[in-house]
Amino acid sequence: MGLRITVLGRGAWGGTLLRLWERQGHQLRSWSRRDGGDPASALQDCDLAVVAVSMVGVAPLGLGLQGRWPEGLPLLSCSKGIDLDSLCTASQLWRRHLPAVPLAVLSGPNLAEELDRGLPAASVLSSDDPGLARRLQEQLRTPHLRLYTNADPIGTEAAGALKNVIALAAGISDGLGLGANAKASLLCRGLAEIAVVLQALGGQSTTLYGLAGLGDLLATANSSLSRNYRFGSLLAEGCDESTALGRIGATVEGPRTARATLALAEREGWQLPICAQVVRLLAGELEARQAVQELMQRDLRAEAVA
Ligand SMILES: NC(=O)C1=CN([C@@H]2O[C@H](COP(=O)(O)OP(=O)(O)OC[C@H]3O[C@@H](n4cnc5c(N)ncnc54)[C@H](OP(=O)(O)O)[C@@H]3O)[C@@H](O)[C@H]2O)C=CC1
Ligand SMILES: O=C(CO)COP(=O)(O)O
């Protein structure tokens with residue numbers, strides 16, 4: 001039997017998920033900020049709430065729904081990033097506002113446009129509650145979207161957030177025409193930076209090499225369908241942040257996530273050189289080629305991750 005699913009946030013990703021599951025025979029309803037109205041009313045009499053708003057929308061939405069969430073209604077969080085104000089992932093914010101909500105995270109190499117075209121993809125459903133993850137895996141899979149489970153929501157989110165920063169850097173590298181060696185080196189050292197954050201936040205290293213980590217990094221760092229990658233190539237052309245954001249005209253999570261991650265890194269004493277150069281570039285402190293040069297000239301070290 002089909003589920004009654006409410007999608008909160010009908011942007012590119014929310015819209016794609018809506019169409020995907022509607023085709024599977026589920027009953028879909030949605031709410032988006034541009035509709036106005038009360039999101040809580042869209043949650044009445046449904047079996048699952050899927051949240052696909054940008055990271056900036058998570059905290060205000062959580063605040064607005066606090067104390068008004070239907071008891072026992074599971075929430076599937078699909079936002080990828082680290083919130084700049086709280087330095088939290090989406091599920092950490094949801095836990096703050098809705099402490100008792102049954103919570104799962106969806107993340108993986110899922111460029112919306114490819115899924116809309118009916119191309120095959122895989123993704124991971126992550127929850128501290130293995131029963132919830134397995135139930136959603138069974139109910140939400142489609143012939144074109146193969147779902148796996150894991151029990152590492154924080155690692156899954158850390159990987160999904162940080163890959164956007166590295167995909168942005170990959171767009172810069174390709175935009176500057178630095179070649180395959182540079183790109184491969186950047187992705188490897190980028191993966192090492194993702195590992196630092198993931199492990200420090202309590203995530204599991206298997207997640208790093210799974211769909212939400214390496215999988216999503218490969219998809220977004222190699223596709224011009226990725227807004228983060230395209231944003232990076234615009235920086236390489238010499239655009240500043242606001243011009244590049246204006247040209248893309250949709251959510252680009254990498255810049256805010258890079259700033260939030262660097263704030264965490266400064267607080268916790270992590271070394272994240274690529275992320276730090278992205279933030280300096282965004283601030284207009286240096287040009288893209290100079291950022292690369294400085295990365296190449298850092299003190300030599302062993303390859304170890306942390
Ligand atoms: N596009 C993709 O391929 C994928 C995206 N994601 C993630 O999904 C999230 C959404 O991305 P995507 O749909 O592509 O982005 P879009 O820019 O297409 O849409 C953004 C969505 O967020 C909503 N939103 C923004 N700010 C607020 C706010 N303050 N309060 C409430 N809602 C808000 C928008 O509402 P409205 O337009 O109604 O104002 C819209 O529904 C991001 O975290 C992204 O990383 C994950 C996997 C794939
Ligand atoms: O997360 C995504 C694909 O998995 C979407 O990437 P962009 O936000 O860079 O378009």
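Biologist: How many residues of domain 1 are in contact with domain 2?

Modeller: In this predicted model, 22 residues of domain 1 are in contact with 23 residues of domain 2.

Biologist: Which elements give two or more residues to the domain 1 side?

Modeller: They are the helix α4 (112–116) and the strands β6 (121–126) and β7 (145–150). Of the elements, β6 gives the most to that side, with 3 residues.

Biologist: And what is that side made of, by class?

Modeller: The side of domain 1 that touches domain 2 has 10 nonpolar, 8 polar and 4 charged residues.

Biologist: Where do the two domains run in the chain?

Modeller: Domain 1 covers 4–151, and domain 2 covers 161–296. Their C-alpha centres lie 25 Å apart.

Biologist: Let us turn to ligand 2. Which residues are closest to ligand 2?

Modeller: The closest are Asn 110, Leu 111, Ser 226, Arg 227 and Asn 228, out of 13 residues that surround the ligand. By class, the shell has 4 nonpolar, 5 polar and 4 charged residues.

Biologist: Which element gives the most to that shell?

Modeller: That is α9, with 3 residues. The elements that give two or more are α6 (153–175), α9 (211–221) and α10 (227–236).

Biologist: Which domains does the shell draw on?

Modeller: The shell around ligand 2 takes at least three residues from each of domain 1 and domain 2.

Biologist: One last topic: what does UniProt list for residues 38–130?

Modeller: An unreviewed UniProt entry lists them as "domain: Glycerol-3-phosphate dehydrogenase NAD-dependent N-terminal". Over these residues the chain is 27% helix and 19% strand, and the end C-alpha atoms are 31 Å apart.

Key. Residues numbered from 1 in each chain as written. Chains lettered and ligands numbered in written order. Predicted model: local features only at pLDDT ≥ 70, side-chain atom pairs only at ≥ 80, totals over all residues. UniProt positions renumbered as here; feature names shortened; annotations may be inferred. Helix = DSSP H or I, 4+ residues; strand = E, 2+ residues; numbered from the N terminus. Domains from an automatic or database assignment. Contact = placed C-beta atoms within 7 Å. Nonpolar A, V, L, I, M, F, W, Y, C, P; charged D, E, K, R; others polar. Near = placed C-beta within 6 Å.
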